[in-house]
Amino acid sequence: MKYLWTLMVFCSPLIGLAQEKLFNKKITLSVDSAKIRQFVDAIERQSNCFFYFDEQKFDGLVITMDVKDQPLEKVLQEAFQNKGVYYSIEDNHAIYLSTDAIISFAVGEKPVITVTKKYLSPAVKANEKSPPDPTVNPLIHISYEENKIYDIGIKTKTFGTGNATVAGYVRYHKTGEGISGASIAVEGFKIRAISDQYGYFSITLPKGKHTLHLKYVGLSDTKRQLMLYGDGKMTIVLTDYITALNVVNIASEKTSNVRSTLMGMQKVNIKTVKQLPALLGEPDIIRVILNLPGVTSVGEGSTGLNVRGGAVDQNLVLYDGATIYNPSHFFGFFSGFNPDVVKDAELYKSSIPIKYGGRLSSVLEVVTREGNHNKFSGSGGIGPLNAHLTFEGPIGKKTTFIAGGRATYSNWLLGLLDDEKYQRSKGGFQDLNLRISHDANEKNSIYFSGYLSADRFSLDGDSLYKYANKNVVVKWKRIFNNRLFSVVTAGYDSYNFSMESENGNINDFKFKFDVRQYHGKADFTYVPNVKHKFEAGLSAISYKLRPGDYFAIGKGQVLTNTVEPEQGLDAAVYLSDTYIMTPDLSLNVGVRFNLFHYNGPQTIYEYLPGAPRSTVSISNTIQKTGTIKSYIGLEPRASLRYTLSSNASIKMAYNRTRQNIHMLSNTTAISPMDTWKLSDNYLRPQIGDQFALGYYRNFKDNSIETSIEAYYKRIQHAITYKNGAELLLNPHIETEIANASGKAYGIEFLIKKTTGKLTGWLSYTFSRTFLKMDDPLVPSAVNNGNFFPADYDKPHVVNFISNYKLSHRFSVSLTTNYSTGRPITYPIARYYYADAYRMLYADRNTYRIPDYFRTDFSMNIEGNHKVKKLFHSSFTVGIYNLTGRRNPYSVYFVSENGKTNGYKFSIFGAAIPFATYNFKF
């Protein structure tokens, strides 16, 4: 090695002379509106240099110039001046081109080049006397970091024996925010780690020399060379669109879908969300989730999720750890999550992590950004119905913030319409987000998140409806050492709904209900060695519900109707271990112990033994305090992954979940009027058992991901309702609810392309969901006690999502959705009884509404990519429901002139064009 260093010392002056000679090479060139390929070919013919670049990023670039016998340096400067193009000339006559001062290239048939020293053009020249700042020049930063040798631990003459742990953060170079889901692979080992939602990672390795390879979709690959003497920490920065100059194929870093033990987990990055067509041009992470396999909704204009045969209330929706009971805005057309604030979202459909509980079907965790650590910045936009504005930046050296808000101006637009009914209508929403992140020291970080949303609408001057979410969460992350860290969370969640009529007449009223909860949890992660990763923790939720208060406020009325408040305590403790049995075989096994107390004071109705529960069979009324009813249960969960090859694996999973809070609804879609109910001495916790099997295979250097997942789910104590059930303001709701059992099964296919000009996915899901009212205390069970399709049963669903990048500034997106129509109950005859004609209905959900089909198109147009620019703007234009299809949301029947006529009700019956303007500064 010392001879190599000696040779480099003597050769370095010659290298510098070679570079200078290349810079002064005389070029004669005359081109008119030439493409980048024509330009570089002409220069390569006159010199011994070779250009490296990603041609896709320069599709929109044209060059016009006429030079004679000019130095190469001057030709490049003149060609790329004020065009946002940067170049780097290496000591091996390689010239790298990129945009935004970042070198990105496609090697093609060119030789692979290892760069150890750079001679940079004035456009990207920087001070190399100290470690470079990635925010100033990512190119120099990557070159410096990738070729530097890092000493981890206390340096000694020999490495010694045993293992050591390196931990730290993966951060984004522009903002300094932590990157969640980054893959860290170790060259020569089948060892990998994934950064958490804060960007933190921990990996245990044998002491010695190692090379870490890092990858994250949409950012550059990079590597770090370590001399591992003992435990230590490091921060790794990832940049935009940079391909590693040293090309090393590490399969494990590109196959997280194959290597992970998790099944049925889908991660959606906000960048993907903003590229796809959206209703009225508003990017919506929930609508992208609805395009994933195994996820459906009951119809257009609904943000409620039905995941693998589950009801809407069987999904736990978390926003920075806060529970969101109604994640929708504006009649369900928009989700409650501001796309400028959201970082990403993870949906767990099968292998639900042991730290999550309380819902039967899935967990959707939406994570907000930390804010820009490097500088003050902002973004905003204007759409057809609403506007949004976000600010972010550092507060001192250790604290960052991000604050965003959205508001509609739909009332003004309604007033412009000719129809008086619309002019008398009102509708709108607002939401505010705030997150503050504070790094107290190297081991302690504190995060504060606040969310507030408010909706109000009134149709044709009728009743005014209002609902709101209020959430506050504080998290404390503590790193005890490289192997052990914890996250302690405390928070308050509230959802309230009110409906009121104040028209100055005798029928005026007010109705309201609310759900409040105080929650706390402590999660611990311990990684003792390379084979084990333990997770343990405990949690508690204190529920306080007001099911409904009614006030008659009309003239001369003083009437009230109040349903008693409810309260309960939901506590859990859990433990799991991810065990790498062999490099190809991994097992995750865990158990969660759940305890639920239904607490008083409460009025308890007792019924005649063996008699159907009804107001007629009430035998006694008792006032109880303290703990009225308790439920305990174990939730075992396990998943196994066996790697068949570097790009293929099979996975199996089983998980049991329990749910102690339930939504009561007379509608198939999520509605502001849906109320919530705790498990009590009659309504038992819902229990779900899911078995899943999957095969995963990647193709073409892992740029195409495919998967097949099959599942079977068994549901105990599902909620269904008697025919004609009355749910609002019912003090003995148990007389309207019937226990049911359920089953769901299906198979999901997914093909996903992650790189290249064309990206997107195609998915097909076949699934069935059935319920059976098997409550012995219900005298006339639905469908005679046989299984019937659930309201959200859709056997066939096809989703096609695509984005084609025409150039670095223009891209087009197309989405197509097809699904079987949902079940419905039709009248099949009428009969004469008690001096009137009455309808005879078929068995529940025997028929279906027509199938659903919709295609959307959009074009994303970005401004130029100059670095020194005050505002960076972009436009999105498109058409929602391109074919103008009138997809029926429901079918209803009306008696007219002695006949019963059926009508289809559509939310959107025409193509809807949209345009939005967005900016950043």
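D793 and R768 form a salt bridge, with their closest N and O atoms 3.1 Å apart. A salt bridge here is a side-chain nitrogen of Lys or Arg within 4 Å of a carboxyl oxygen of Asp or Glu. D793 sits in the loop between strand 46 (788-789) and strand 47 (796-805), and R768 sits in strand 45 (residues 758-773), so the bridge ties together parts that are 25 residues apart in sequence. Strands (E, at least two residues) are DSSP runs, numbered from the N terminus.

This is a predicted model, in which local features need pLDDT of at least 70 and side-chain atom pairs count only at pLDDT 80 or more, while totals for chains, interfaces and linings use all residues. Residues are numbered from 1 along each chain as its sequence is written, and side-chain values use heavy atoms, leaving out hydrogens and water.

Is D793 buried or exposed? D793 counts as buried because its relative accessibility is 0%. R768 has 18%, so R768 counts as buried too. Buried means under 20% relative accessible area, exposed means over 50%, and partly exposed lies in between (1.4 Å probe, protein chains only).

Other charged residues are linked as a group. R308, K349, E709 and E748 belong to one network, joined by salt bridges that share partners.

How many salt bridges does the structure hold? The count is 23. One of them joins the side chains of E177 and R369, at 3.4 Å from N to O. This pair links distant parts of the chain, 192 residues apart. E177 is in the loop between strand 8 (163-172) and strand 9 (183-186). R369 is in the loop between strand 23 (362-368) and strand 24 (377-382). Both E177 and R369 are buried.

Next come R406 and D431. Their salt bridge has its closest N and O atoms 2.7 Å apart. R406 lies in strand 26 (residues 399-408) and D431 in strand 27 (residues 426-439), 25 residues apart. Both R406 and D431 are buried.

L538, V573, V591, F593, I632 and L634 make a nonpolar patch of about 530 Å². Strand 35 (585-599) and strand 38 (627-645) are the elements that give two or more residues to this patch. Patch residues have over 30% relative accessible area and no salt bridge; nonpolar side chains (Val, Leu, Ile, Met, Phe, Trp, Tyr) are joined within 5 Å, and like charges within 9 Å. Accessible areas come from the Shrake-Rupley method with a 1.4 Å probe; for residues, only the protein chains shown count as cover.

L634 lies in strand 38. Its relative accessibility is 49%, so L634 counts as partly exposed.

Notes: Helix = DSSP H or I, 4+ residues; strand = E, 2+ residues; numbered from the N terminus.
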